[in-house]
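Student: I should like to learn how to read a protein model, feature by feature. Please give me the general idea each time, and then the case at hand.

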Amino acid sequence: MNRQAQSALLFLLGAALWHAGTTDLYLRYVKAGLRPLLLAAAVVLVAAAVASVGYGWRRARRGAWATSGSGSASGSGCGPESGSASGSGSGPEPGAAAEGHGHHAPHVSWLLLLPLLALILVAPPALGSYSATRTGTALQQPLAYPALPATGPLRLSVVDYAGRAVYGKGRTLEGRRIQVTGFVAVDRSGTPYLVRMALNCCAADAQPVKIGLTGAIPPVLQPDTWLTATGTYTPRTEKDPVNGGPIPFLRVTTAAPVPVPHDPYDESWNT
C-alpha cells in the first residue's frame with residue numbers, strides 16, 4: 001500500500017465515521033454520549049489524510065527541484081572534470097532507491113478496509129431476544145431514585161422499573177398505573193419478558209435487563225416485537241435462569257405494539 005492509497009483509505013474511514021456520527025447509524029455501535037468523540041475521530045482521520053497528501057506533494061516537488069538543479073549543474077561544466085561530475089550525477093544515488101520504496105506500508109494495512117466496508121455495507125440490527133435469552137440480567141442497584149410525578153401514569157424505563165421493584169421493594173410503585181416499553185423475549189420455559197439492552201460504552205458490552213410479564217398478556221407474542229405494556233406493580237420476582245439474577249414482574253392490563261425507538265438501547269442503568 002503506497003502513500004496515496006493510505007491517504008485515500010484514511011479519508012474514506014473518516015468520511016464513514018462522520019456519516020455514522022451525523023445519522024442514527026452510530027447508535028447501533030456506541031452509546032449516544034460518545035457521539036462527540038466519534039465526530040472528533042472522524043475529523044482527525046480526514047485531517048491526517050489531507051496532511052499526508054500535502055506532505056507527499058511537497059516531497060515530490062522538492063525531488064523535482066533537486067533533479068532540475070543537478071541537471072543544470074552538470075550541463076554547464078566542460079572538460080574531463082565536468083564529464084566525471086556528469087557521469088556521477090546521472091546514476092542513482094545510493095539512498096534513492098530506498099527512499100522511493102520507503103513509504104510503502106505492509107500488506108496488512110489493507111485490513112483497514114474491513115471496518116470501512118462494515119460501516120458502508122453493513123448496518124447491524126440492535127441486539128434483541130436471541131442475546132437476551134442467552135445472557136443473564138444485568139440489573140444493578142441504583143444509587144438513588146429520581147422523583148416521580150404525583151399524578152398520571154408512570155412512564156418508566158425497563159431499568160428504572162426493575163430497580164424500583166427489586167431494590168426499592170415497590171414502595172414508589174404501589175397503587176400507580178405504570179407504562180414500560182421494551183422488546184419481547186421468551187425463554188425456554190415460555191416465560192415472556194419485556195427487555196431493554198443496557199450499555200456501558202458500546203454494543204459489544206450490552207447486557208439485558210428483564211421484566212417478567214403476567215396478567216393480561218397478548219395470546220401471541222412474537223420475539224423482538226416492541227411493546228408498550230401498561231399495568232401495575234406486583235411483588236412477584238423470579239431468578240434469571242441464566243445467572244440467577246432477580247427479574248421482577250409487571251401485572252399487565254393492556255399491551256400495544258410500538259415502532260422501534262430512536263435509540264434501542266437503555267443507558268440509564270449507569271448514569
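The dialogue below takes up confidence, strands and aromatic rings in turn.

Student: What should I know before I start reading?

Tutor: This is a predicted model, in which local features need pLDDT of at least 70 and side-chain atom pairs count only at pLDDT 80 or more, while totals for chains, interfaces and linings use all residues. Residues are numbered from 1 along each chain as its sequence is written, and side-chain values use heavy atoms, with hydrogens and water left out.

Student: What average pLDDT does the protein have?

Tutor: The term pLDDT is the predictor's confidence in each residue, from 0 to 100. Here the protein averages 78, and 73% of the residues score at least 70. Over residues 75-103, however, the pLDDT is below 50. That stretch has eight contacts (heavy atoms within 4.5 Å) beyond near neighbours in sequence. Where pLDDT is low, the predicted coordinates should not be read in detail.

Student: How many helices and strands does the protein have?

Tutor: Helices (H or I, at least four residues) and strands (E, at least two) are DSSP runs, numbered from the N terminus. The protein has seven of each kind. Along the sequence, the pattern reads α-α-α-α-α-α-β-α-β-β-β-β-β-β.

Student: In which sense do β5 and β6 pair?

Tutor: Two strands pair if DSSP finds at least two bridges between them. Strands β5 and β6 pair in the antiparallel sense over 11 bridges. Thr230 has Thr254 in β6 as its bridge partner, and Thr237 stands opposite Pro248 in β6. These two strands form a hairpin with six residues between them, and Gly244 in the turn has a positive phi of about 75 degrees.

Student: Which other pairings involve these strands?

Tutor: Strand β2 runs antiparallel to β5, joined by six bridges; Ile178 has Gly231 in β5 as its partner. Strand β4 (residues 207-215) pairs with β6 (residues 246-257) in the parallel sense over four bridges, and Thr214 stands opposite Arg251 in β6.

Student: How many aromatic pairs does the count come to?

Tutor: A pair of aromatic rings is described by the distance of the centres and the angle of the planes. Rings of Phe, Tyr and Trp (its six-membered ring) pair if their centres lie within 6.5 Å; planes under 30 degrees apart count as stacked, over 60 as edge-to-face and the rest as tilted. By this rule, the count is one aromatic pair. The centres of the Phe183 and Trp226 rings are 5.6 Å apart and the planes are at 65 degrees, so the pair is edge-to-face. Because Phe183 lies in β2 (residues 178-186) and Trp226 in β5 (residues 226-239), the pair ties together parts that are 43 residues apart in sequence.

Student: Are Phe183 and Trp226 buried or exposed?

Tutor: Buried means under 20% relative accessible area, exposed over 50%, and partly exposed in between (1.4 Å probe, protein chains only). Phe183 is buried, at 1%, and Trp226 is also buried, at 8%.

Student: Where does Arg236 lie?

Tutor: A charge sits over a ring if NZ of Lys or CZ of Arg is within 6 Å of the ring centre and within 35 degrees of the ring normal. Arg236 lies over the face of Phe249, at 3.8 Å from the ring centre.
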